[in-house]
Amino acid sequence: MPPKPDNCTIIIFGAHSDLAARKLFPSLYELALWGHLPDEYRIVAVGRSALSHTEFRQKVYEKMAALFPENVQDEAALASFFARLFYVGVDFTRSEEYHALHKEIMEGEAGLAASPNILFYLATPPALAPLIVRNLDHAGLGEKDGLKGSWRKIIVEKPYGSNLQTARELNRVIGEVFHEERIFRIDHYLGKETVQNIMVFRFSNGIFEPLWNRNNIANVAITIAEKFGIRDRGAFYEEAGLLRDIMQNHALQLLASVAMEPPVDFSADAVRDEKVKLLRSIRHFTSQSAEGTVVLGQYEGYRSEKNVAPDSTVETFAAIKFFVDNWRWKDVPFMIKAGKSLAETVTEIVITFKCPPQNYFGPAESCCYTANQVILRIQPEETIAIKFGAKRPGEALITDPVFMKFDYKTSFSEAGATPYHRLLLDAMAGDQMNFIRQDSVEYSWAIIDAIREAVGTKPPASYPVHSWGPESVAAIYS
Ligand code: BG6
């Protein structure tokens with residue numbers, strides 16, 4: 001078992017958010033159950049409504065029972081968790097109300113009883129983040145107000161800002177209250193076992209890296225597809241759209257992991273330096289270059305979803321052909337496709353190698369039928385497959401594509417931690433490896449802003465539910 005983090009109080013803004021109900025409280029409960037939380041911890045949920053601790057605990061219990069019934073079986077463990085869960089009602093926009101939070105932490109059961117260390121978690125819409133941070137500072141809850149020898153850190157949920165300008169402003173405001181080493185910009189994809197394994201696969205094996213470049217690789221295709229639509233997140237989606245929700249963060253982080261150079265060592269900053277270098281090498285989009293390399297789509301029926309404008313032009317799908325202008329990747333297309341209401345729920349990275357120079361074993365048009373591929377399946381299956389050609393048994397010399405496969409489930413008996421388990425613990429321990437650094441978030445936004453500008457007001461193409469996106473997507477893969 002990893003060493004336990006320091007005793008601390010975890011303060012969650014956005015107590016009533018979907019994220020808190022689905023991920024944060026269940027993950028914290030499970031960490032407590034497994035004995036991975038500090039000996040002395042407190043959780044303070046902060047939301048707008050006025051509720052007592054008991055009323056809030058009841059709400060969390062009901063959500064947990066509905067979403068994760070297996071989590072409410074152990075009454076003693078639940079009681080111990082709820083005894084450490086507190087609630088404070090604060091109107092985030094009113095600075096004077098933060099004093100109630102300060103009081104709860106300084107004088108109430110919630111705070112110093114555990115320790116002077118505080119981990120803030122902003123599970124709130126991006127526009128609120130600067131305001132909350134400023135108000136924390138005014139209320140004496142910033143990093144500089146901590147006791148000597150203690151720490152105060154902050155986790156900020158994605159989307160981090162809504163464009164380069166707002167992200168810079170947020171970086172500036174947070175940077176005035178917390179040092180960069182205390183800021184944890186979360187992208188839960190980086191907590192996934194299979195995403196962390198991309199670097200291990202590339203850099204702990206001698207046979208792949210020598211081939212991992214433009215001399216041998218024809219293209220890289222990344223897919224983040226979800227069969228379900230926006231669910232009940234209409235209001236959020238109208239603000240965000242697919243580019244901000246998935247492309248700016250999860251998709252670009254996958255691209256960076258698969259294409260970055262080997263870091264000088266395996267420290268958080270060395271790894272993040274390489275990711276930033278990669279993002280900086282992505283070819284700039286202009287309205288001219290976006291023609292045929294950027295396709296945005298919207299699923300049929302999106303405009304009838306709850307809290308969606310009847311004439312909405314928000315994209316629920318994007319397929320983009322990126323180029324990375326560096327020595328390793330120049331002119332190799334990286335095709336990224338992501339969307340809601342697609343044919344399948346699957347996240348994968350397919351690296352396709354160039355065909356052999358001569359095709360002895362099949363008709364000319366099938367030259368690439370057996371092109372080698374490395375297929376990194378991130379989810380739902382957690383597998384890596386290598387595709388190659390093999391002779392079909394029999395007298396005729398016919399080649400068929402076959403696969404060599406590694407599957408996490410069959411190779412390892414223990415189940416991996418989920419992203420939120422892992423990242424919550426990493427933040428408590430101060431490990432920033434799997435969090436986004438300031439420069440990285442800004443370069444990612446610069447890429448997305450340029451794409452948005454290049455596309456302009458052109459409305460997204462419509463696509464049928466449970467398809468693979470608009471027809472025009474074919475252009476990206478040609
Ligand atoms: C979130 C997005 O960050 O990631 C959602 O806001 C998306 O729209 C989700 O569905 C996907 O995460 P996962 O881990 O379920 O693939």
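**Chat about cores, a patch and salt bridges**

Colleague: Where is F361 found?

Modeller: F361 is in the loop between β11 (346-353) and β12 (373-379). Bear in mind that this is a predicted model.

Colleague: Is F361 buried or partly exposed?

Modeller: Partly exposed, because its relative accessibility is 42%. Buried would need under 20%.

Colleague: Which residues make a nonpolar surface patch with F361?

Modeller: Y360 and L397. Together with F361 they make a patch of about 370 Å².

Colleague: Now the inside. How many residues has the largest nonpolar core?

Modeller: It has 102. F13, L101 and F322 have the most contacts inside that core. Helix α8 (residues 234-259) gives the largest share, twelve residues.

Colleague: Which domains does this core draw on?

Modeller: Domain 1 (8-157) and domain 2 (190-418 + 437-477), with at least three residues from each. The C-alpha centres of the two domains lie 35 Å apart.

Colleague: What does L101 touch, leaving aside neighbours within four places in sequence?

Modeller: L101 is in contact with I11, F13, V44, V46, V88, V90, L136 and L141.

Colleague: Switching to charges. How many salt bridges are there?

Modeller: The structure holds 32. One of them joins K340 and E226, at 2.6 Å from N to O.

Colleague: Where do K340 and E226 sit in the chain?

Modeller: In distant parts, 114 residues apart. K340 is in the loop between β10 (333-339) and β11, and E226 is in the loop between β7 (217-225) and α8.

Colleague: Is K340 buried or exposed?

Modeller: Buried, because its relative accessibility is 4%. E226 is buried as well, at 18%.

Colleague: What about R42, which residue does it pair with?

Modeller: E40. The closest N and O atoms are 3.1 Å apart. R42 is buried at 13% relative accessible area, whereas E40 is partly exposed at 29%.

Colleague: Last one. What does R437 meet in a salt bridge?

Modeller: The side chain of D439, at 3.0 Å from N to O. R437 counts as buried, at 12% relative accessibility. D439 is partly exposed, with 26%.

How values were computed
Residues are numbered from 1 along each chain as its sequence is written. This is a predicted model: local features need pLDDT of at least 70, side-chain atom pairs count only at pLDDT 80 or more; totals for chains, interfaces and linings use all residues. Side-chain values use heavy atoms; hydrogens and water are left out. A nonpolar core is a set of buried Ala, Val, Leu, Ile, Met, Phe, Trp, Tyr and Cys residues joined through side-chain atoms within 4.5 Å. Buried means under 20% relative accessible area, exposed over 50%, partly exposed in between (1.4 Å probe, protein chains only). Helices (H or I, at least four residues) and strands (E, at least two) are DSSP runs, numbered from the N terminus. Domain bounds come from an automatic or database domain assignment. Contact means heavy atoms within 4.5 Å. Patches are made of residues with over 30% relative accessible area and no salt bridge: like charges are joined within 9 Å, nonpolar side chains (Val, Leu, Ile, Met, Phe, Trp, Tyr) within 5 Å. Accessible areas come from the Shrake-Rupley method with a 1.4 Å probe; for residues, only the protein chains shown count as cover. A salt bridge is a side-chain nitrogen of Lys or Arg within 4 Å of a carboxyl oxygen of Asp or Glu.
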